[in-house]
Every structure is written in structure tokens, then in C-alpha cells.
Amino acid sequence: MTAPQDTQRSLFALGNEAVVEGALIAGCSFYAGYPITPSSEIMECMASRIPATRDGVFIQMEDEIASMGAIVGASLAGRKAMTATSGPGFSLMQENLGLACMAETPLVVVNVMRGGPSTGLPTCPAQGDVQQARWGTHGDHPIIVLSASDVPECLEMTVTAFNFAEKYRTPVILLLDEITAHTRERIDIPPTGSFQIFNRGLPSMPPEWYKPYEDTMRGVSPMPPIGSGYRQHVTGLTHDLMGFPTQKPAEVNALMERLFRKIDQFFPDIMLVDEHRTEDAEIGVIAYGSVARAAKLAVDQAREQGYKAGLLTLKTLFPFPKPHVDKLARRCSKLIVPEMNMGQMSREVKRVASCQTSVRTINRVDGQIITPSQIQKAITQG
């Protein structure tokens, strides 16, 4: 079993390796997965690390469908559970991801994006799964989608993903791109106890009073492990407070409204961004993932040329950080959205900001990175 760390230690780690460190800090004790580049290092590291933790379980599954099913089951049994994949595997996970949404099952899915559709551009950088992360599984459903732009953030945002999953009893997707996942940087692993860690709420009432999907002030029902004496009924069907299928309009509406309300009312807690030199910015850049690093350098270089540029880095992609984008749009004459797809996030930016300022996109889908010079050119051109 891994001993608690009393002092800070440093690693020269890949982004994928930092994800593993973050998961273990958050208390992940179950990993099921199937290898696929460029996410495979997460599975490889988990195979060696998680069995060394207390009650840690690692399982290589036969495919991504089974991987997703395994972590749903593990979470229902009380484990903090995670899997990791890349584009084609993420597509296979969508049906069971929908089950997790309907059953309000806290879990973390890491998707290291690569070019697509289908098998696409293996190991080449891309950001083409942004809207799939939001809407990949069918039906109305709230979901939390996070991103990381460098290796330390891979650790930080993995911890955040687990905390959000447990706090709001919902699946959380962490999107990385190949550049972030395969960049090697120094990260500092803080002593045990340095991070605030959330665990799912447990019922305080006796089993005979427990209703597994009862509404609460936060909209989040307590969730005991299956087998702990509390009766549960888990289904992908729309259900009542006890978990039994229902088609009664009042019960259907109450469930759907609560699923959205438990996320909507905590937008300020969930919508995470970083701002760089935006205080007096007249030209705004909005980016996420590894592109945000190129954008930060471009902003600094543009500033040296006398352009008042600023960067808004989206760490939460969904729920879309509308208040932060709206605030930047109100004071900028131009917004620039660089991303390695055909414009999946820029459409969200245009929806919020197009009535207030112009929105320019920089898109790249050839498996190559967006460079600082590309972004700087867009900043300095009229």
C-alpha cells in the first residue's frame, strides 16, 4: 500500500502521468480501461500504481464499452472510478455514459483527443471531441466537461474532476489533447492532505427511510454503496424517487428539472477560467488545452508590440463559462478563438458575443499545432 507523503516531491512527468497522480490524490481506487493512443500512458501508469493503493483495483477490459460499464458498477459500489481513452474509444463509451448520467453515477472519463472522425489521425493533436463531450450521449442531460493546458493543470484538473463528480453526483469528462498529454514538465506533488477532497454524501437516515433519488436543497441525493444495507434500484429508464421506472409526467418533469438544477445553481463553482492580461485588454483571445499555451506567448509578444491583448483560458468547457466570455466581449473590439477543430468552441463564443464584438476563428485540422505566430498575426492584423 502506498504510504502517505509528508513532504512535497517533484516529478518530470508527462501530462498523462500527471493525470494518474491527480487521480490517486483524489482517492481513485478503481480503474478499468482499454489501451488506445494517445491516452495509453494513463492506463499503463494506473496498472502499476493503483494496485499499490489501499484496496486499489485495476482491470484491463476487452473494449471501451466494457470499461465504461465497469466504472459505472464500481462507482455504484462506492468506489471513486475512472477510465481513459481517445476519440474512437470515447465514441464507444457514449451509451454507458448516458446510463451514468441517468443513474447520477459519479465517475471520471479522460479523453485524450486525436484527429477524427473514425480512427482519424492516431497520436496527432486535435480538439475535435469538444461537442461530443457535451452532447455525445443522447437525450437532454447536464454534464461537466473540463480541460487542461499544461502538465501541472493535468494533475489539478483531474483532482477537480473527481471533486465535481462526487460533489454533484455526475459523470465528469476531462478533455486533453495529444500535446498536453505527451508534454513532459516538472510537477510538484504536494504532501498528502494539501488538496481539498470531496466525497459523495452518504445517507443519515435508516435504510427503511432512504429514497435513492429524493430531492434535496442542493438537488443531490445521498448515495450509499450498493450492498451497504440501503435498497437501490438502478435503471437507465426515467424513474421516480425510489428508482422505479415511471412515465408519469409530474415525476418525469421533477427528475429532469432536478438533474439540471443541481448543476445550474452552482455555475459559479463549476465555471473555471484563467485570465492573463485581460484587465485592460482591447483584443481578447479565448483558448483551451495546449492552444492556450501558444496563445499566452502570442499575447505577451503582441503586448511588446503595443497591442493591448489578453487571454481567457477555459478550464471548464461545459457548462460554457458564459459570464466570463460576456465580460471580455464587452470591453474588446475583437475576440480570437484558436482551436484544433473546425470551430466547435468558437460557435459557443459567437452565440454569446457576436452581438457585442467581432469573433475571428483560427482553425487547424491537419494534425499540426497552432503556433504562437499564427495567433499573434491574428491579434495584430485589423
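A disulfide is a pair of cysteine sulfur atoms within 2.5 Å. Keep in mind that this is a predicted model.

Q: How many disulfides does the structure hold?
A: To count, a pair of cysteine sulfurs has to lie within 2.5 Å. For C28, the nearest cysteine sulfur belongs to C45 and is 13 Å away, so by the 2.5 Å cut-off C28 is in no disulfide. C332 is in no disulfide either, with the sulfur of C355, its nearest, 16 Å away. The number of disulfides in the structure is zero.

Q: Is C28 buried or exposed?
A: Buried means under 20% relative accessible area. C28 has a relative accessible area of 3%, so C28 is buried.

Q: Is C332 buried or exposed?
A: The cut-off for buried is again under 20%. C332 comes in at 5% relative accessibility, so C332 is buried.

Q: Which residue of strand 3 is the bridge partner of F30?
A: F30 sits in strand 2 (residues 30-33), where F30 and A32 point one way and Y31 and G33 the other way. Strand 2 runs parallel to strand 3 (residues 57-60), and four bridges join them. Within strand 3, the partner of F30 is V57.

Q: Which residue in strand 4 does F30 stand opposite?
A: Strand 2 also runs parallel to strand 4 (residues 81-85), joined by two bridges. There, F30 stands opposite A81.

Technical notes:
Residues numbered from 1 in each chain as written. Predicted model: local features only at pLDDT ≥ 70, side-chain atom pairs only at ≥ 80, totals over all residues. Heavy atoms only, no water. Buried < 20%, exposed > 50% of the residue type's maximum accessible area, 1.4 Å probe, protein only. Pairing = 2+ DSSP bridges.
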